[in-house]
Amino acid sequence: MDENKLITFFKKKRKDFPILKQKVKGHDLIYFDNGATSQKPQVVIDSLVEYYTKYNSNVHRGIHTLSEEATLKFEAVRGRVAKFISGNEDEIVFTNGTTQSLNFLAGGLSHKVTKGDEIVISRMEHHANIVPWQELCKRTGAKLKYIELTDDGRLDLKSANKVINDKTRIVSIAHVSNVLGTVNQVKDIIKLAKKFGAYSILDGAQAVPHMKINVRDLDCDFYVFSAHKMYGPTGVGVLYGKYSSLEDLEPVNFGGSMIYEVFGEESTYNKIPFKFEAGTPNIADVIAFEKAINYLEETGLDNITKYEGLLTKYFLEKISQVEDLTLYGPKNPKDRAAVFSFNIEGIHSHDMSSILDKFGIAIRAGHHCAMPLMANYNVSATCRASLGLYNTIEEIDKFIEVLKKAKSIYEKGDIF
Ligand code: 7TS
């Protein structure tokens with residue numbers, strides 16, 4: 001598709017998302033907070049309603065019509081997710097989100113880590129990819145090491161070469177930064193981890209909505225992500241693991257469904273991946289997740305990457321015209337996804353968010369669950385605009401218009 005066709009194609013996508021039809025503070029809603037969570041197309045909402053109106057029942061247990069239908073539909077999604085990221089069905093574990101997936105990994109690999117070992121993450125990680133490792137280090141006596149960043153917010157490969165060594169047991173890195181938008185050179189990092197026999201984990205929460213993921217090609221041990229950031233429902237996450245790596249993982253949640261047999265004093269566990277899924281799963285949302293995957297694939301991941309790349313280029317050009325503005329992260333659009341963190345001198349990010357909200361524009365302000373990254377830049381907070389497939393060039397124009405007059409609005413005290 002050429003550029004004009006692409007723009008027309010994506011402009012039509014907006015109508016698939018009912019929430020975007022509303023006005024906020026008298027303006028058409030401009031939703032630039034997709035990094036926090038994306039909006040849901042009607043097909044996803046319909047799927048949730050259909051489940052509860054037609055076949056709500058528990059999975060993997062009932063020998064009755066409704067339960068069989070729910071189980072069939074639920075299990076079909078496992079295969080769908082596997083195909084979506086080029087893994088196998090038995091390599092997909094459903095969790096409630098990226099955070100839980102990472103906690104399962106930190107807890108489930110703890111028996112592979114001892115005192116003196118090292119876990120490597122980077123300076124741009126989300127707290128979900130920091131705190132579980134800190135806990136693991138506390139319990140085992142291992143050390144947490146950081147890959148530092150270049151000035152323009154990319155992983156410094158020199159630093160990576162230094163901190164990944166024969167003491168390293170686990171390397172866990174964001175595929176795309178939720179703050180800087182950096183698309184990380186993850187293949188280089190995975191190769192380094194392999195060289196020293198360490199497990200490689202990619203936090204794909206911010207990558208999966210923007211680009212085609214092929215876990216075979218990436219060749220990582222584990223890849224984790226959340227449905228709610230990819231136009232799917234909340235409360236569903238994925239922990240992909242190479243089958244041989246899942247064999248090394250121990251379950252951290254125990255109870256029903258994850259067992260094979262339970263005796264008075266001990267139990268045996270179900271096969272992979274079921275032994276990692278204790279209790280009743282989030283059935284309705286997993287089933288609706290399939291509709292989100294279908295939506296992404298019908299739209300075309302390559303089209304999405306291309307269109308968002310175009311928005312990124314435009315956004316970077318326009319925002320460079322705003323006075324007293326600092327933009328964090330890579331300057332080259334090729335190195336980033338459509339996530340932009342910035343500050344305007346003299347205006348706190350919370351106030352900036354309130355000013356934009358007056359015009360119906362939703363962004364996120366604060367530390368974005370990445371406090372070590374904020375410390376790296378010597379700031380306590382930033383504004384963040386994160387775009388998705390339904391955002392447009394016209395929305396960027398409106399956003400930039402407000403940024404240009406933000407100082408005068410702020411000085412007049414006309415925020416709320
Ligand atoms: N990893 C990254 C890179 C993220 O961006 C997020 C959520 C998580 C992990 C955690 O995902 P969850 O679905 O378990 O919550 N990021 C954000 C954000 O940037 N703003 O709100 C949530």
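1. Helix α2 meets helix α3 through Tyr51, Lys54 and Tyr55 on the α2 side and Leu66, Glu69, Ala70 and Lys73 on the α3 side (contact means heavy atoms within 4.5 Å). This contact comprises 4 nonpolar, no polar and 3 charged residues (Ala, Val, Leu, Ile, Met, Phe, Trp, Tyr, Cys and Pro count as nonpolar, Asp, Glu, Lys and Arg as charged, and the others, Gly among them, as polar).

2. The model is predicted: local features need pLDDT of at least 70, side-chain atom pairs count only at pLDDT 80 or more, and totals for chains, interfaces and linings use all residues. Residues are numbered from 1 along each chain as its sequence is written, and side-chain values use heavy atoms, with hydrogens and water left out.

3. Helix α1 (residues 3-11) and helix α11 (residues 301-319) have axes that come within 10 Å and cross at roughly 100°. The two helices, α1 and α11, are therefore roughly perpendicular to each other (65 to 115 degrees). In α1, Glu3, Leu6, Ile7, Phe9 and Phe10 meet Asn303, Ile304, Lys306, Tyr307 and Leu310 of α11. Helices are DSSP runs (H or I, at least four residues), numbered from the N terminus; axes are lines fitted to C-alpha atoms over the stretch in contact, and angles run from 0 to 180 degrees between N-to-C directions.

4. The lining of the largest cavity receives residues from both domain 1 (3-31 + 300-411) and domain 2 (45-297), so this cavity lies between them; the domain bounds come from an automatic or database domain assignment. On a 1 Å grid over the protein atoms alone, a cavity is a set of points where a 1.4 Å probe fits but cannot get out, and lining residues have an atom within 4 Å of a point. Of the 13 lining residues, Asn34, Gly35, Pro209, His210 and Lys229 lie nearest the centre of the largest cavity.

Definitions and conventions:
Parallel < 35°, antiparallel > 145°, perpendicular 65-115°, else oblique. 1 Å grid on protein atoms, 1.4 Å probe; cavity = no way out; pocket = protein on both sides within 12 Å on 5 of 7 lines; lining within 4 Å.
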